[in-house]
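Subject: Structure handover

Hello,

Here is the structure I promised to pass on. Please open it first, then read the notes below.

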Amino acid sequence: MRKFTGIDLLDSLERIMKKNTLSYQGDFSYDRKELEEVAAKADALPFRERTYLWMSRRCGTWCLKERRVYLMETAAYNIWTYYGDGRIERILAYAVEVTGLEDGKVIGNLYPLDYREHVEYVRKVSVPVEKVRVVYEKGEYYQETDERIRKEAHKIFGKFLYSEYVPSDSAALETVLWQEEQKRRDMRCGKIGNHIRNIRKNVA
């Protein structure tokens, strides 16, 4: 597979979605909002908070933070792995790196994945969660995994930036994510237009 770097992510993902997703195409509006918000504050976010796994299904799409997918039994983990159990529907899956905004466009890198092969890998290497870290402009705090994450401004720490699950073994998770980054770096570059044209349009 080839990677596609420095591309208009939303345009590319939407074109892929329209070829493969027959119903619930409106799901993509949530993906768009998520990626636009991250791109707008890309300079303030760690690289890992700007990396996603995205899938187009026959009925809808999902856009999930990669780091959370590798944390066992989180919502992201459960969603990503759910469709890998013997289903015959075609799922187009990608790793997505958001680098920022250029002329109002969300720019980044796109890496095709073999979905079912990737699901098996996620199940093999995912790491349990211990707690949740909530990060603001001027500070942070930790909370239990079953508590609701409050995204309102904090009276001491200021504006909410992001939250992240804290793994029971941080080193193990970092190793998994680093290895995935290296795999993507080693991929040869291709042209996104050619890739999209070669996708066979899904039919009812």
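Start with two helices. H4 and H5 pack at about 140°, and their axes lie 9 Å apart. The two helices are therefore oblique to each other; an angle over 145 degrees would be needed to count as roughly antiparallel. The crossing of H4 past H5 is left-handed. On the H4 side, the contact uses Tyr77, Trp80, Thr81 and Tyr82. On the H5 side, the partners are Tyr115, His118, Val119, Val122 and Arg123. By class, this contact has 6 nonpolar residues, 2 polar and 1 charged. Bear in mind that this is a predicted model.

Next, H5 and its other neighbour here.

Helix H5 (residues 115-125) also packs with helix H6 (residues 170-185). The angle is about 155°, with 12 Å between the axes. That makes H5 roughly antiparallel to H6, because the angle is over 145 degrees. H5 passes H6 in a right-handed crossing. From H5, the contact takes His118, Tyr121 and Val125. From H6 come Val176, Gln179, Glu180 and Lys183. The classes here are 3 nonpolar, 2 polar and 2 charged. Note His118 of H5: it is listed in the contact with H4 and in the contact with H6.

Now the pockets.

The largest pocket holds about 760 Å³ of space. Its lining has 28 residues. Nearest the centre are Glu34, Cys63, Lys65, Arg68 and Lys151. Which of them gives the most? H2 does, with 7 residues. The lining divides into 15 nonpolar, 3 polar and 10 charged residues.

The second largest pocket holds about 270 Å³. Strand E5 (105-113), H5 and H6 each supply two or more of its lining residues. The lining is made up of Met1, Pro112, Leu113, Asp114, Glu117, His118, Tyr121, Glu180, Lys183, Arg184 and Met187. By class, that is 5 nonpolar, 1 polar and 5 charged.

Best wishes

Technical notes:
Residues are numbered from 1 along each chain as its sequence is written. This is a predicted model: local features need pLDDT of at least 70, side-chain atom pairs count only at pLDDT 80 or more; totals for chains, interfaces and linings use all residues. Side-chain values use heavy atoms; hydrogens and water are left out. Axes are lines fitted to C-alpha atoms, for helices over the stretch in contact, and angles run from 0 to 180 degrees between N-to-C directions. Helices (H or I, at least four residues) and strands (E, at least two) are DSSP runs, numbered from the N terminus. Angles under 35 degrees count as roughly parallel, over 145 as roughly antiparallel, 65 to 115 as roughly perpendicular and the rest as oblique. A crossing is left-handed if the near helix is turned anticlockwise from the far one by less than a right angle, and right-handed if clockwise. Contact means heavy atoms within 4.5 Å. Ala, Val, Leu, Ile, Met, Phe, Trp, Tyr, Cys and Pro count as nonpolar, Asp, Glu, Lys and Arg as charged, and the others, Gly among them, as polar. On a 1 Å grid over the protein atoms alone, a cavity is a set of points where a 1.4 Å probe fits but cannot get out, and a pocket is an open set with protein on both sides within 12 Å along at least five of seven lines; lining residues have an atom within 4 Å of a point. Grid points are joined across faces, edges and corners, and a volume is the space filled by probe spheres set on the points.
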